[in-house]
Amino acid sequence: MSFKSIFYFLVLSTILVSCKSTQPSPEMPAGEIGPKDTMGVHKPKVPSRLNEKFGGITPWNPKTPKNIEEFRAAWVATVANINWPSKPGLSTSEQQREALELLDFLEEHNFNAVVFQVRPQADALYKSELEPWSYYLTGQQGKAPEPYYDPLKFWINAAHKRGLELHVWLNPYRAHHTAGKEISEKSVIKTNPDLVIELQNGMWWMDPSQKGTQDHSLAVVMDLVKRYDLDGVHFDDYFYPYDSYNNGEDFPDDNSWRAYQAAGGELSRGDWRRESVNTFIKRVYTEIKAEKPHVKFGLSPFGIWRPGYPESVTGYDQYEKLYADAKLWLNEAWIDYYTPQLYWQINSFGQSFPELLGWWQSENTKQRHLWPGMNVGLGGDEKNIDETINQIMITRGMLPESKGAVHWSIGPLLKHKELSTAIKEGPYNKKSLVPPSPWLDNKPPKSPKVSTRAENDRVVISWEHEEEEDVFRWVVYFQYEEGNWDYKILSSDARTQNLQRIVGDQERKLEKIGITAVDRSGNQSEFKEIVIK
């Protein structure tokens, strides 16, 4: 496979650090480019530039022999049954079978996270007292699965068993999608009609400027955080709706705007809308951290902040059209990870993947995780395989301290086996850990107590830990004579690992091992080398 685009990256990377700053229309079918619903070594001393990056926090250094951290996630969309379930009204067993197939795929292809859509249209793919069961699940809004089960709890348990983080993905303002069929009496459209607005394309939207909207959507988020064992909460790019949803006309919030003016409001209409969204985003982040600091909050905004940032970029203006000041949220670190939807190709003039990634990184002043969204829906031929792998490698080169990407979506990865196989055999050929978040938790777990014994031609490694509830993963590092360090990542319930004592035609012996415990925030315990005699 050729890597001709790497040269392009090397040239660009020399200029992107100094960057100061037309995606296709939204709601495209899956497989086309569009917004999602449519569709080394740990050094003994941390460099000073890292100290600055994390708000003055020096990240914990476990002194492991390899850096094995990279966020690898895929979106699983439920709106319009894009990815799961395949259609409304499947039986519980069919839904669960399809879910396990998706999660098995991610585990087998060395991903470590799934971004699962649980609130596509002010509804729920989980047990909720605040919003009705989703039409996309049962074929009738408000109807629970039969036989009953909680899909989100099922997804969380199955994901964690496979070593995957699960991030719940919510649409904060969409009240009804055109694929959502009949609106039930339990919908917010019927229970709180003062909060919603009908758009000309048939969708309904909650008015972001109203405190009732913000309070309700925040309550939904916090209900999920409190009741479920989540790893993250995720919003996508649907803030104020795309203007195409209303035939190009302005969002019809005249009543809210007049009420704001009558109360003495002095902001322009655009600034007032942006301030409403800003207030909500900050509230969500603050309340999640107050309840469960380890639960990450992530956002995947439209990939362009504004045309001209950086200078050569053209396309849709989310600041003026979606009233999303995505640059501000990143500057203020109201998120733990940022996933701008960079669904364009490397050599796409006006919307170049590495050029936009470099601009977003220049705005990442408090250095939260920047894990770009990548489009894998262009096909499975050699050209698109080359494009995807080059984008992963470019991201690694530009963001070495916190590598990662989120793939839109799991559907094309399943469809194009040549693509997913090439990713697995190439950049994702080994499992990885989710990078730690030192601003959330910089305290490592204690080291496990390790013992070894010989058993025929194997070395049996066993370990125990005095604070098992603090352990989310284990890493077994090992080195054969004249070889490099290698590793295996294991689930939290593992307590033993067998390794061959001698490998290869040259009969190289196992020389060294070491085991680290990994906590919920990605911190590894101190690496302690053990010599095998």
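Predicted model: local features only at pLDDT ≥ 70, side-chain atom pairs only at ≥ 80, totals over all residues.
## Salt bridges overall

Let's start with the charged side chains. Searching the whole structure turns up 30 salt bridges. Below are a few of them, each described by the residues that take part and by how open those residues are.

## Asp104 and Arg162

Have a look at Asp104 and Arg162, whose side chains form a salt bridge at 2.6 Å, N to O. Asp104 belongs to helix α3 (residues 92-108), while Arg162 sits in the loop between α5 (151-161) and β3 (165-170), so this pair ties together parts that are 58 residues apart in sequence.

Are these two residues buried or exposed? Asp104 has 26% relative accessibility, so it counts as partly exposed. Arg162 has a relative accessible area of 17%, and because buried means under 20%, Arg162 is buried.

## Asp215 and Arg283

Now for a pair that links two helices. The side chains of Asp215 and Arg283 meet in a salt bridge of 3.0 Å, N to O. You'll find Asp215 in helix α7 (residues 211-227) and Arg283 in helix α9 (residues 269-291), so the bridge ties together parts that are 68 residues apart in sequence.

Asp215 is partly exposed, at 28% relative accessibility. Arg283 is partly exposed too, with a relative accessible area of 24%.

Another salt bridge brings together the side chains of Arg453 and Glu455, at 3.1 Å, N to O. Arg453 comes in at 45% relative accessibility and counts as partly exposed. Glu455, with a relative accessible area of 38%, is partly exposed as well.

Salt bridges can also share partners, and that happens here: Asp250, Asp253, Asp254, Arg269 and Arg273 are joined into one network this way.

## A three-stranded sheet

Which strands form the open sheet, and in what order? There are 3 strands, running β4-β6-β5 across the sheet, and their pairing is antiparallel. The edges are β4 (174-176) and β5 (196-198), each of which pairs on one side only. From one strand to the next, the twist averages 30°.

Zoom in on β5 and you can follow its pairing with strand β6 (residues 204-206): the two run antiparallel and are joined by 3 bridges. To spot this pairing in the structure, find Glu198, which stands opposite Trp204 in β6.

Key:
Residues numbered from 1 in each chain as written. Heavy atoms only, no water. Salt bridge = Lys/Arg side-chain N within 4 Å of Asp/Glu carboxyl O. Helix = DSSP H or I, 4+ residues; strand = E, 2+ residues; numbered from the N terminus. Buried < 20%, exposed > 50% of the residue type's maximum accessible area, 1.4 Å probe, protein only. Pairing = 2+ DSSP bridges. Axes fitted to C-alpha atoms, helices over the stretch in contact; angles between N-to-C directions.
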